[in-house]
Amino acid sequence: MSFRRKIKKYQETPINHQMVMEMLSEYNRPNDKISELLKSGELLSIRRGLYIPGSELDLPTPDLFLIANHLRGPSYISVESALSYWEMIPERVYETSSVTIKTSKNYSTPVGRFTYQHLSAPYYSFGIKSIRLTPQQTIMIASQEKALCDKIILTQGVLLRSIRQTMDFLLEDMRIDEDTLQQLNTSTIQSWIDDAPKKSSLQMLVKTLERL
């Protein structure tokens with residue numbers, strides 16, 4: 001069976017080294033075959049030990065959000081990437097941003113740049129949604145409320161001290177539509193605050209949203 005036929009059933013999922021080795025088990029030197037596949041463009045290395053089908057195979061590739069979940073885990077899509085996904089901000093996002101319970105790290109890969117910022121438990125685990133993009137692809141992404149809270153927490157220098165300042169941050173800096181803000185669940189955000197960094201800023205966020 002050809003490598004293309006073997007990898008096709010994993011075409012929408014990043015594949016680890018062990019899985020590729022199993023696909024190439026009939027070869028005496030499977031690592032040499034992996035090198036050959038990488039050179040021919042049939043296999044693409046995202047990082048050491050993690051692959052997706054290469055362009056030469058002409059197969060669908062995993063969504064960037066799913067790649068991000070696998071590239072450094074546990075992690076979930078957040079901040080600008082999640083805010084853009086939920087259509088809360090108008091800007092196009094040129095890198096995939098995630099939050100991880102591990103240390104912060106950045107990756108420059110053949111399919112794009114991926115950034116990871118650290119947040120500690122238990123706050124880390126709040127507000128993560130599982131979204132099915134296709135029958136084969138399910139991603140972990142921050143809810144609208146969590147993505148906004150993460151953005152406030154992880155943006156250096158952002159300390160929300162008044163309703164006016166918070167409104168300027170949300171409407172002018174972030175360019176979030178007021179109607180969108182009115183739909184956010186303030187009770188959910190409030191339930192996270194005791195375990196969250198920047199408690200006073202999140203409390204001011206809740207107070208501001210409740211005034212809308």
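1. Contact here means heavy atoms within 4.5 Å. By that criterion, among contacts in the protein chain between residues at least 6 apart in sequence, 56% join residues at least 24 apart.

2. The model is a predicted one, in which local features need pLDDT of at least 70 and side-chain atom pairs count only at pLDDT 80 or more, while totals for chains, interfaces and linings use all residues. Residues are numbered from 1 along each chain as its sequence is written, and side-chain values use heavy atoms, with hydrogens and water left out.

3. The protein chain holds 10 helices and 9 strands. These elements are DSSP runs numbered from the N terminus, helices being H or I of at least four residues and strands being E of at least two. Along its principal axes the C-alpha trace spans about 65 × 30 × 25 Å. Of the 212 residues, 44% count as buried. Buried means under 20% relative accessible area, exposed means over 50%, and partly exposed lies in between, with a 1.4 Å probe and protein chains only.

4. An open sheet of 3 strands runs in the order S1-S3-S2, with antiparallel pairing. Strand S1 (15-16) and strand S2 (43-47) are at the edges with a single partner strand each, so one side of each has no neighbour in the sheet. Two strands are taken to pair if DSSP finds at least two bridges between them. For S2 and strand S3 (residues 50-53) there are 4 bridges, in the antiparallel sense. Ser 45 stands opposite Tyr 51 in S3, and Leu 43 stands opposite Pro 53 in S3. S2 and S3 form a hairpin with 2 residues between them, and Gly 49 in the turn has a positive phi of about 85°.

5. Two helices pack on the sheet of S2 and S3. Helix H3 (residues 30-40) touches S2 and S3, and its direction makes about 100° with that of S2. Helix H4 (residues 64-71) also touches S2 and S3, with its direction at about 55° to that of S2. Axes are lines fitted to C-alpha atoms, for helices over the stretch in contact, and angles run from 0 to 180 degrees between N-to-C directions.

6. Strand S7 (residues 112-118) pairs with strand S5 (residues 96-100) in the parallel sense over 5 bridges. The bridge partner of Ser 98 in S7 is Tyr 116. Strand S6 (residues 105-109) pairs with S7 in the antiparallel sense, also over 5 bridges. Here Tyr 107 has Phe 114 of S7 as its bridge partner. S6 and S7 form a hairpin with 2 residues between them.

7. Helix H10 (residues 199-211) has 13 residues, which at 1.5 Å a residue should span 18 Å; its end C-alpha atoms are 19 Å apart, which agrees. The expected span is 1.5 Å times one less than the number of residues. The buried residues of H10 are Ser 201, Leu 202, Met 204, Leu 205, Val 206, Thr 208 and Leu 209. They pack against helix H6 (144-154), helix H7 (163-173), helix H8 (178-182) and helix H9 (186-192).

8. How do H7 and H10 cross, and at roughly what angle? Their axes come within 9 Å and cross at roughly 85°. The two helices are therefore roughly perpendicular, a label used for angles of 65 to 115 degrees, with under 35 counted as roughly parallel, over 145 as roughly antiparallel and the rest as oblique. Ile 163, Thr 166, Met 167 and Leu 170 in H7 meet Met 204, Leu 205, Lys 207, Thr 208, Leu 209 and Arg 211 in H10. The residues of this contact divide into 6 nonpolar, 2 polar and 2 charged. In that count Ala, Val, Leu, Ile, Met, Phe, Trp, Tyr, Cys and Pro are nonpolar, Asp, Glu, Lys and Arg are charged, and the others, Gly among them, are polar.

9. Ser 201 sits in H10 and is buried, with a relative accessible area of 1%. Leaving aside neighbours within four places in sequence, Ser 201 is in contact with Ile 152, Val 158, Leu 159 and Leu 160.

10. Helix H9 contributes Thr 186, which is buried at a relative accessible area of 17%. Beyond neighbours within four places in sequence, Thr 186 is in contact with Val 206, Leu 209 and Glu 210. The C-alpha atoms of Thr 188 and Ile 153, 35 residues apart along the chain, are separated by 16 Å.
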